[in-house]
Amino acid sequence: DLVRLNVSLLEERKRLGTPPLRFDTQSFEKSGARAIDSDTDRSFLASSAVVSPVVQSLSRFPPSAPSVEQLTLVATSPQTTTVGNTRLEDIRQALLATNISEEVIKNTLQVWSEKTNKGYEAYWKSWKQFCEKQQCTIFTTDKDVFNGWLSTLVDDQKSQASLEKARSVVSSTMKIVTGVDLGGQKIAQMMSVSAARQNRPKSSKYSSIFDLCYVFENFFIEEIPSSYKDLTQHTIIVAKAVLGWRGDDLSGVTRNQGIKMIEGGMNIRFFDGKINKKRWSGWTFVPKLRDEQFKSLCLVTLVETIFEKSNNFPFEPISVQNNKGEDIEDFALFTSEAKKGNAIPLRSTTINTKVMQGFFSQISLGEFSKTETLDKHFSAHAMRHAVASALAKQNVPIEKVANHLQTTTQSLQQTYVLPVQTKWKIPKCVDDAEHLVHKLLIPFTHSQYVDGEKVQCKCSEL
């Protein structure tokens, strides 16, 4: 049906005298098709016994997350835009044509890292070549042209992951200039489903995942780190292990708007500051562990300690929004130490580096390799899949897991992998735990309480 729909769109354009949508496969391959069909950006999919093979790409936030007005810079006449040599230069030229100041444009273009911009170029080059063939502006608002480009990717046997990435990169880039989200329209989303069915659905990058108990075992120490640098790294890794959030998510946790200390624990959320997002996630509750011996694994205690040690720091502010969608200043939870100036917010790349250096590069698991460390097999993002897999193994309802990770059930289903249990088993007392943080910790804490002997379990005291 989708193929017939694509054909009908082409016929309609021909009837109206519009040039037919064409695609030069050879030019596309030269432009970096390998990058477009790369496995790097694939989400993870469970075995067919657990997950439906086709999942539509939707917002990563759960439906309950509050929406915040998005920022868009609208061009009045993108058709006259000068074409540059790179994606950033194309954006710059288009915004200059709308009389936006150089200073605003400069700051706007700083939202992407150099690595991200490099990864986006192949998708943008493919789109520009297509627009040149169709003799239309690269910042078009014509959904038929955009859908036609996506259709050629399906015909060219691009995978679901490749098509979704291409759609996201190009549509979000055009939206900065036009204010129109072509990637969000129904037919554009249906192309993803078509790519999954005709070509290749998203698949798992890993065949198995490490047990979170390895994390807890290595960060279960008698005293919380005394230096601010070590405390920050320790807290980031524990947060990754009990929340399963991305590096981008943790970099968006702020001290005033992002954390609420309440009786029994804290509520925590993050602000997604990307130019095409600008919104808060929903709240996730994290209980405070009552057993003092596990204070080094208690995220609430660690955050309280960070507050205490940085109480007198001068902070470099970051821009967030209040509940009315108004821009306000706040301060990041994770920052550098203020030694010779302001405490600087840690970027997502720095946060992920701390995870890699502080855990993955230090641990070697015999199940995976005799000598190699975890960083040879996993990225920092793998911690998210370890959390999802651990909760799935305990048969936690998928809706609860999605809310905890601040994502959708559709997105979560693509992260399930088979966890590798080595020396830890899931004890029966985990069923009595109410909070998901407790469920994640209990396989490890139970082993510490019982310690191989017939000692009474004290997991309820957590």
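## A tour from pocket to hairpins

Start with the second largest pocket, which has a volume of about 280 Å³. A pocket here is an open set of points on a 1 Å grid over the protein atoms alone, with protein on both sides within 12 Å along at least five of seven lines, and its lining residues have an atom within 4 Å of a point. The volume is the space filled by probe spheres set on the points, which are joined across faces, edges and corners.

Before you click on, know that this is a predicted model, in which local features need pLDDT of at least 70, side-chain atom pairs count only at pLDDT 80 or more, and totals for chains, interfaces and linings use all residues. Residues are numbered from 1 along each chain as its sequence is written, and side-chain values use heavy atoms, leaving out hydrogens and water.

Now select Arg290, His438, Cys459, Ser460 and Leu462: of the 16 residues lining this pocket, these lie nearest its centre. The lining has eight nonpolar, four polar and four charged residues; Ala, Val, Leu, Ile, Met, Phe, Trp, Tyr, Cys and Pro count as nonpolar, Asp, Glu, Lys and Arg as charged, and the others, Gly among them, as polar. Colour strand 5 (284–287) and helix 18 (436–450) too, as each supplies at least two residues of the lining.

Next, zoom out. The chain has 18 helices and seven strands; these are DSSP runs numbered from the N terminus, with helices (H or I) of at least four residues and strands (E) of at least two. Of its 462 residues, 51% are buried (under 20% relative accessible area with a 1.4 Å probe, protein chains only).

Select residues 160–178 for helix 8, whose 19 residues reach 26 Å from first C-alpha to last, close to the 27 Å expected (1.5 Å times one less than the number of residues). Is helix 8 mostly covered or mostly open? It is mostly covered, with 17 of its 19 residues buried. Glycine 179 follows helix 8 and has a positive phi, near 80 degrees.

Move on to strand 1 (259–262) and strand 2 (265–268), which pair antiparallel over four bridges; pairing takes at least two bridges found by DSSP. Methionine 261 stands opposite methionine 266 in strand 2. Two residues lie between the strands of this hairpin, and glycine 264 in the turn has a positive phi of about 90 degrees.

Finish at strand 6 (318–321) and strand 7 (327–330), antiparallel and joined by four bridges. Isoleucine 318 has aspartate 330 in strand 7 as its bridge partner. This hairpin has five residues between the strands, and glycine 325 takes a positive phi near 80 degrees.

Conventions: On a 1 Å grid over the protein atoms alone, a cavity is a set of points where a 1.4 Å probe fits but cannot get out, and a pocket is an open set with protein on both sides within 12 Å along at least five of seven lines; lining residues have an atom within 4 Å of a point. Buried means under 20% relative accessible area, exposed over 50%, partly exposed in between (1.4 Å probe, protein chains only).
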